[in-house]
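Good morning, everyone, and thank you for making time for this.

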Amino acid sequence: MVSVARLQPKRELMKHLYTLLLFAGFSSFCFGQAPCDTLLVASFTPQHGEGNSYVFHNTSSSDSPLHTFYNWSFGDGATQSDHTGTHTYAEAGSYMVCLYAVLEGCTDTICQELQVLGDSGPDCNAQFQFSSSPQHADSVQFNPGQANANHYFWHFGDGTTSDHHDPWHLYPGPGTYVACLTVTNELNGQNCTDTWCDTVVVLGDGGPDCNAEFQFSSSPQHADSVQFNPGQANANHYFWHFGDGTTSDHHDPWHLYPGPGTYVACLTVTNELNGQNCTDTWCDTVVVLGDGGPDCNAQFQFSSSPQHADSVQFNPGQANANHYFWHFGDGTTS
């Protein structure tokens with residue numbers, strides 16, 4: 001979800017000053033009335049990419065997510081100031097990765113040890129998808145993103161577990177559950193483990209559906225004019241935060257940004273059906289390059305061949321880029 005940003009020099013200078021302040025020795029403190037541990041909790045989940053590349057998904061909770069600042073320390077001397085961390089290590093080894101979060105005078109830090117195995121090591125990706133049965137909303141099927149791991153272990157969030165590849169699970173009733181998948185893999189004598197969690201909202205039979213994922217595109221004439229399109233067409237209410245302090249309750253609004261920069265846009269969808277309610281929020285990074293600048297959006301979709309499930313077609317969301325480079329995750333590229 002994170003695109004490569006082209007920032008103005010002033011913004012880069014502020015990021016560098018912010019990074020220096022973070023590493024000057026801040027400890028957790030708070031000047032406000034509310035305790036820091038209720039305003040801000042830093043957390044993240046690493047995801048292994050190609051070779052020694054990693055994406056660090058920011059799962060922090062914040063009382064004001066649009067005004068929280070983040071800085072990453074990747075354990076090899078490299079840092080990054082962004083909501084999501086991305087880094088490629090020069091060599092295999094053990095690294096201490098830390099996320100620093102700052103909000104309204106409060107800071108919180110979380111560190112995790114990361115084992116980088118190198119190109120010859122196995123791949124672990126515990127991301128998964130899930131869908132409810134059309135006949136029974138509390139019956140959910142889970143599908144892992146990685147098909148060839150040695151072992152899968154699911155926690156469904158209601159006290160039950162499974163080691164099946166793509167299990168169906170019947171929840172005890174309506175509610176919000178945090179389901180987690182742990183994937184372990186072995187290759188060339190090396191092992192890896194990855195865990196991914198997601199929230200499953202079970203509304204029971206006849207309940208509404210909420211999905212706040214969205215897409216966006218810039219105007220060909222004005223790169224700072226962006227149209228947003230929600231993935232769910234029939235919700236009762238949409239509320240957009242565009243990341244520049246402005247909002248909208250339109251279904252698919254156009255928004256004119258004040259100038260080039262990187263903005264975190266969020267959509268909150270609420271829905272009601274048969275006396276039941278649901279809410280979902282989704283955020284994505286919008287890179288505005290200004291008039292005359294190019295547009296880059298690496299989001300893509302893929303589908304398997306009906307005849308051969310291991311034959312997959314990939315389709316980029318952006319049709320007019322100068323260059324496309326694919327890593328398929330099995331060591332091959334295009």
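This is a predicted model: local features need pLDDT of at least 70, side-chain atom pairs count only at pLDDT 80 or more; totals for chains, interfaces and linings use all residues.

Residues are numbered from 1 along each chain as its sequence is written, and side-chain values use heavy atoms, with hydrogens and water left out.

Let me start with the sheet, where strands are DSSP runs of E with at least two residues, numbered from the N terminus, and two strands pair if DSSP finds at least two bridges between them. Three strands make an open sheet in the order 17-18-21, and their pairing is antiparallel. Strand 17 (214-218) and strand 21 (254-256) are at the edges with a single partner strand each, so one side of each has no neighbour in the sheet. From one strand to the next, the twist averages 25°, an angle taken between N-to-C directions on a scale from 0 to 180 degrees, with axes as lines fitted to C-alpha atoms. Strand 17 is joined to strand 18 (residues 225-230) by five bridges, and Phe214 stands opposite Pro230 in strand 18.

Now to the rings. Rings of Phe, Tyr and Trp (its six-membered ring) pair if their centres lie within 6.5 Å, and planes under 30 degrees apart count as stacked, over 60 as edge-to-face and the rest as tilted. By this rule there are 27 aromatic pairs. One of them is the edge-to-face pair of Tyr54 and Tyr89, at 6.1 Å centre to centre and 75° between the planes. Because Tyr54 lies in strand 3 (residues 53-58) and Tyr89 in the loop between strand 7 (85-88) and strand 8 (93-103), this pair ties together parts that are 35 residues apart in sequence. Tyr54 is buried at 7% relative accessibility, where buried means under 20% relative accessible area, exposed over 50%, and partly exposed in between, with a 1.4 Å probe and protein chains only. Tyr89 is buried as well, at 3%.

Key
Helices (H or I, at least four residues) and strands (E, at least two) are DSSP runs, numbered from the N terminus.
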